[in-house]
Protein chains: 2
Amino acid sequence: MRNEQIYEGKAKKLLLTDDKNVLLQRFKDSATAFNGVKKAEFAGKGETNNAISTFCFQKLEAAGVPTHFIERVNDRDMLIKRLDMIPLEIVVRNIVAGSLAKRTGLDEGTVVKEPIVETYLKRDDLNDPHLADVHVFMLDILRPDQLERLKQLALKVNATLDPIFERAGMKLVDFKLEFGLDADGQVVLGDEFSPDTSRLWDLETRRKLDKDVFRADLGDLMEVYHEVAARLGVLPQT
Amino acid sequence: MRNEQIYEGKAKKLLLTDDKNVLLQRFKDSATAFNGVKKAEFAGKGETNNAISTFCFQKLEAAGVPTHFIERVNDRDMLIKRLDMIPLEIVVRNIVAGSLAKRTGLDEGTVVKEPIVETYLKRDDLNDPHLADVHVFMLDILRPDQLERLKQLALKVNATLDPIFERAGMKLVDFKLEFGLDADGQVVLGDEFSPDTSRLWDLETRRKLDKDVFRADLGDLMEVYHEVAARLGVLPQT
């Protein structure tokens, strides 16, 4: 298997394989926040997020959501289908937190009546600005039917995973997704699903079980990530 | 006529009249920018904006856009229908400028293929955040049919005024509107239409003929506002 790296992001690397349609997605131990301003390493994070993402992608595939996931091949790597990534960050929200509190003036913790899907432009140099649909179209990022499909899939991800997290004692407050287009122009879920890219609160105590622990220095990040993995029944072998 | 003031904004006051369904809208000489951080007085601005707004509202009414305008009663006052104001700032854009350049990374001056309508929450304390439709609904500001009607009216304002400004040698780059609901729950255009609330560029030279002259200290604001009024043929009597 070739190992040429074609992309390195803040939390993952992508490497070529012998199959041009397949990539190796490697989860790093790095954590970043505030558009990369805050940064640290956490031994075991890559392994944990690979395990949690594998679990979530398998649940989503079983529910009929097309994902790039092929298989987990070792502690920190999964094989994925190569996609033409859409330069959007898609955020689904069940509870007001983070930027939605600032945008609306609603208190953190307010329940959103109907889950909402938000769209941000993936541009670090612009600080990932919030977009309305009109901006997605004027930037020629997606056609209306593709954006509609993407939103439907984002809501289906929520409808699939929210009850699974709830049964594991966690509220899925919000999460970020990234999608790509496959060779047929179909919208497919890419990237990852982990406590790096979601807000998870303990169902009873509302204790934060996600990257906000790092953002706000609330405790031991890996202790929390291991707890999420354990609750989901996917704690990596140690 | 009673004169009790019921509202004072950055550029206008609203006063009661003997008719509870009618208000007096008084244009002030104040100019503010950057959410009130920059502020100055310009003798004659109220009078000029009253004249330009009167002209625009008359053109819009003639084109079938319902507005709150009743009549201009003196230099700085117009009578308006009392509306239940919708707490949104609606921005229509024909050319990339201001926050749209920051949001998209497109250069100022880029022509927008189809005019777009943007929505901002009118909340000074939150810095008037950008909203997508989902936020308008989750905040219970408007029903979907009302928002759709509001956007149609905003585009009709653009389709009506853009050629009028063009014939007067100006490009209508973008503008901000505020709407209200009348007693029947119908969406009606309120507020004002002036160089305070629009970007106007000279058609040939692209010289700025609007409040950006104040924002960026580009010259004599009243000279520019008088020029806009003169080009439209509504220069107030002096």
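Over all chains of this predicted model, a search of the whole structure finds 54 salt bridges. One of them joins Arg76(A) and Asp29(A), whose closest N and O atoms are 3.3 Å apart. Arg76(A) sits in the loop between β6 (69–74) and β7 (77–81) of chain A, while Asp29(A) sits in the loop between β3 (22–27) and β4 (30–33) of chain A, so the pair ties together parts that are 47 residues apart in sequence.

Salt bridges also occur between the chains: the rule finds two across the interface of chain B and chain A. Asp140(A) forms a salt bridge with Lys113(B), with 3.0 Å between the closest N and O atoms. The two pairs named here are listed below.

| Salt bridge | Closest N and O atoms |
|---|---|
| Arg76(A) with Asp29(A) | 3.3 Å |
| Asp140(A) with Lys113(B) | 3.0 Å |

The interface itself can be described by area and by residues. The size of an interface is often given as the accessible area lost when the parts come together. Between chain B and chain A, about 1800 Å² is buried, and carbon and sulfur atoms give 66% of this area. In terms of contacts, 25 residues of chain B meet 25 residues of chain A. Seven residue pairs are in polar contact between chain B and chain A, counting pairs with both residues at pLDDT 80 or more.

On the side of chain B that touches chain A, two or more residues come from each of α2 (99–104), β10 (111–121), β11 (130–131) and α3 (133–138) of chain B. β10(B) supplies the largest share of that side, six residues. Sorted by class, the side of chain B that touches chain A has 15 nonpolar, six charged and four polar residues.

Residues of both chains also line the second largest pocket, and those nearest its centre are Asp133(A), Val134(A), Lys151(A), Asp133(B) and Lys151(B). This pocket holds about 650 Å³ of space, and its lining has 33 residues. Elements giving two or more residues to the lining are β10 (111–121), β11 (130–131), α3 (133–138) and α4 (144–167) of chain A, together with β10, α3 and α4 (144–167) of chain B. β10(B) gives the most to this lining, with eight residues. By class, the lining of the second largest pocket has 18 nonpolar, eleven charged and four polar residues.

Notes
Residues numbered from 1 in each chain as written. Chains lettered and ligands numbered in written order. Predicted model: local features only at pLDDT ≥ 70, side-chain atom pairs only at ≥ 80, totals over all residues. Heavy atoms only, no water. Contact = heavy atoms within 4.5 Å. Buried area = accessible area lost by both parts, 1.4 Å probe. Salt bridge = Lys/Arg side-chain N within 4 Å of Asp/Glu carboxyl O. Polar contact = N/O pair within 3.5 Å; in protein donor to acceptor, adjacent residues only side chain to side chain. Helix = DSSP H or I, 4+ residues; strand = E, 2+ residues; numbered from the N terminus. Nonpolar A, V, L, I, M, F, W, Y, C, P; charged D, E, K, R; others polar. 1 Å grid on protein atoms, 1.4 Å probe; cavity = no way out; pocket = protein on both sides within 12 Å on 5 of 7 lines; lining within 4 Å. Points joined across faces, edges and corners; volume = space filled by probe spheres on them.
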